[in-house]
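Work through the following exercises with the sequence and the coordinates at hand, and try each task before reading its solution.

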Amino acid sequence: QVQLVESGGGSVQAGGSLKLSCESRGYLRSSCGMGWYRQAPGKERELVSRIGGDGIVRYADFVKDRFTISQDNAKFGLYLQMNSLQTEDTAVYYCTVRTPRFKFCSEGTVDLWGQGTQVTVSS
């Protein structure tokens, strides 16, 4: 059973930076995609950035030119470099990996989620 664990969150002043990390505990065979989501108090969880199974990167409009997603394929690792943080970025950030239910992603997938890491941006 694979577990995802996020780290790197904290409190930062507006305009500052943070780098979030996600590591797997347990062997992760393959991925159909991976990314970061966030959820602010009283709001629904929303996509921040993701890397598709084809390697294509997508960012939400509100983080373009500020956040950068990256991965380490040697040993699973997923990262989110966040620059020019704004108070609106305050949320719990979650790491997620989409894994194949069987052998191929087209046959169905299962999403794995970390416990989240808090990011608080003050003005």
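**Exercise 1. Salt bridges**

Solution. The structure is a predicted model, and a search through the whole of it returns six salt bridges. Side chains of opposite charge can pair when their charged atoms come close. The cut-off needed for this step is a side-chain nitrogen of Lys or Arg within 4 Å of a carboxyl oxygen of Asp or Glu.

Step one takes E23 and R25, whose side chains meet with an N to O distance of 3.5 Å. E23 has a relative accessible area of 35% and is partly exposed, and R25, with 48%, is partly exposed.

Step two takes R38 and D89, whose closest N and O atoms are 2.9 Å apart.

Step three takes K64 and D61, which form a salt bridge with an N to O distance of 3.3 Å. K64 counts as partly exposed at 46% relative accessibility, whereas D61 is exposed, with a relative accessible area of 64%. Turning to shared partners, the salt bridges join R38, E46, R66 and D89 into one network.

**Exercise 2. Disulfides**

Task: Which cysteines are bonded to each other, and what pattern do the disulfides of the chain follow?

Solution. The search of the whole structure gives two disulfides. In one of them, C22 and C95 have their sulfur atoms 2.1 Å apart, and the angle of -70° about the S-S bond makes the link left-handed. Since C22 lies in strand β3 and C95 in strand β9, the pair ties together parts that are 73 residues apart in sequence. The relative accessible area is 2% for C22, which is buried, and 0% for C95, which is buried.

A disulfide also joins C32 to C105, with an S to S distance of 2.0 Å. The torsion about its S-S bond is about -95°, so this disulfide is left-handed. Distant parts of the chain are linked here, with C32 in the loop between β3 and β4 and C105 in the loop between β9 and β10, 73 residues apart. To assign burial, note that under 20% relative accessible area means buried: C32 has 12% relative accessibility and therefore counts as buried, while C105, at 38%, counts as partly exposed. With the bonded cysteines counted along the chain, the pattern is 1-3, 2-4.

**Exercise 3. Rings and charges**

Task: What is the geometry of the aromatic pair of Y37 and W113, and which ring does the charged end of R45 sit over?

Solution. The count of aromatic pairs comes to one. The ring centres of Y37 and W113 are 5.3 Å apart and the ring planes are at 65°, so the pair is edge-to-face. Y37 is in strand β4 and W113 is in strand β10, so the pair ties together parts that are 76 residues apart in sequence. Y37 is partly exposed, with a relative accessible area of 22%, and W113 is partly exposed, with 35%.

For the charges, the end of R45 sits over the ring of Y94, 3.8 Å from its centre, and K19 lies over the face of Y79, at 5.2 Å from the ring centre. K19 is part of strand β3 and counts as partly exposed at 46% relative accessibility. Not counting residues up to four places away in sequence, K19 touches S7, G8, Y79, L80 and Q81.

**Exercise 4. The nonpolar core**

Task: Which residues of the largest nonpolar core touch the most other members, and which strand gives the most to this core?

Solution. The largest nonpolar core has 27 residues, of which W36, L78, L80, M82 and Y93 touch the most other members. At least two residues of this core come from each of β3, β4, β5, β7, β8, β9 and β11, and β9 gives the most, with four residues.

Definitions and conventions. Residues numbered from 1 in each chain as written. Predicted model: local features only at pLDDT ≥ 70, side-chain atom pairs only at ≥ 80, totals over all residues. Heavy atoms only, no water. Core = buried A, V, L, I, M, F, W, Y, C linked by side-chain atoms within 4.5 Å. Buried < 20%, exposed > 50% of the residue type's maximum accessible area, 1.4 Å probe, protein only. Contact = heavy atoms within 4.5 Å. Disulfide = S-S within 2.5 Å. Phe/Tyr/Trp six-rings, centres within 6.5 Å; stacked < 30°, edge-to-face > 60°. Lys NZ or Arg CZ within 6 Å of the ring centre and 35° of its normal.
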